[in-house]
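I opened this entry to record what I looked up in the structure.

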Amino acid sequence: QGWGTGQHPCWTQWVGIACNIENNAVFAIILSNNNLTGTFPSSFGYLPELAILGLSHNHLKGTIPSSLMMSCTKLHELDLSYNYKLSGDFLSHSPPLNLLNVLSVPFNDFDGEPVLSSFPNLEFV
């Protein structure tokens, strides 16, 4: 509900989107198991308040845009597991995400291993 209406996701209730009512900023996108296809949206990098991103069990492909890792410094949870075709080396070249405590990326085609110093509060990999 709300998708494709042209309205701001925080002014109407969009399925899978949660907003902070104080500043109308998107803080969570949870669209796991939605049969999403295509490349990973670079526009997620324009959501600086994003704390939770759950896109597991879809059919996303391609690389993770650097804008996500550079701009979304408030990420607490990132779940991209079971997309199978996400690729690249974002885990080994990520800027520090000091607040990230949940990272789930299995069953993809990422290169390299996470540099754990980039994720000092990580509790789950």
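**Whole chain**

I began with the surface: the protein chain has an accessible surface of about 7100 Å², and carbon and sulfur atoms account for 54% of that. The model is a predicted one. I then looked up burial, and 38% of the 125 residues of the protein chain count as buried. For contacts between residues at least 6 apart in sequence, I noted that 43% join residues at least 24 apart.

**Elements**

I listed 1 helix and 9 strands for the protein chain. Read from the N terminus, the order is β-β-β-β-β-α-β-β-β-β.

**Sheet**

Which strands form the open sheet, and in what order? I found 4 strands in the order S3-S5-S7-S9, with parallel pairing. Strand S3 (37-39) and strand S9 (109-110) are the edge strands, each pairing on one side only. I checked the link between S5 (residues 59-63) and S7 (residues 85-88): the two run parallel and 3 bridges join them. For Thr63, I noted Ser87 in S7 as the bridge partner.

**Asn34**

I placed Asn34 in the loop between strand S2 (25-30) and S3. Asn34 and His57 are 23 residues apart in sequence, while their C-alpha atoms are 7.6 Å apart in space.

Terms used:
Residues numbered from 1 in each chain as written. Predicted model: local features only at pLDDT ≥ 70, side-chain atom pairs only at ≥ 80, totals over all residues. Heavy atoms only, no water. Pairing = 2+ DSSP bridges. Buried < 20%, exposed > 50% of the residue type's maximum accessible area, 1.4 Å probe, protein only. Contact = heavy atoms within 4.5 Å. Areas by Shrake-Rupley, 256 points an atom, 1.4 Å probe, with all protein chains shown as cover.
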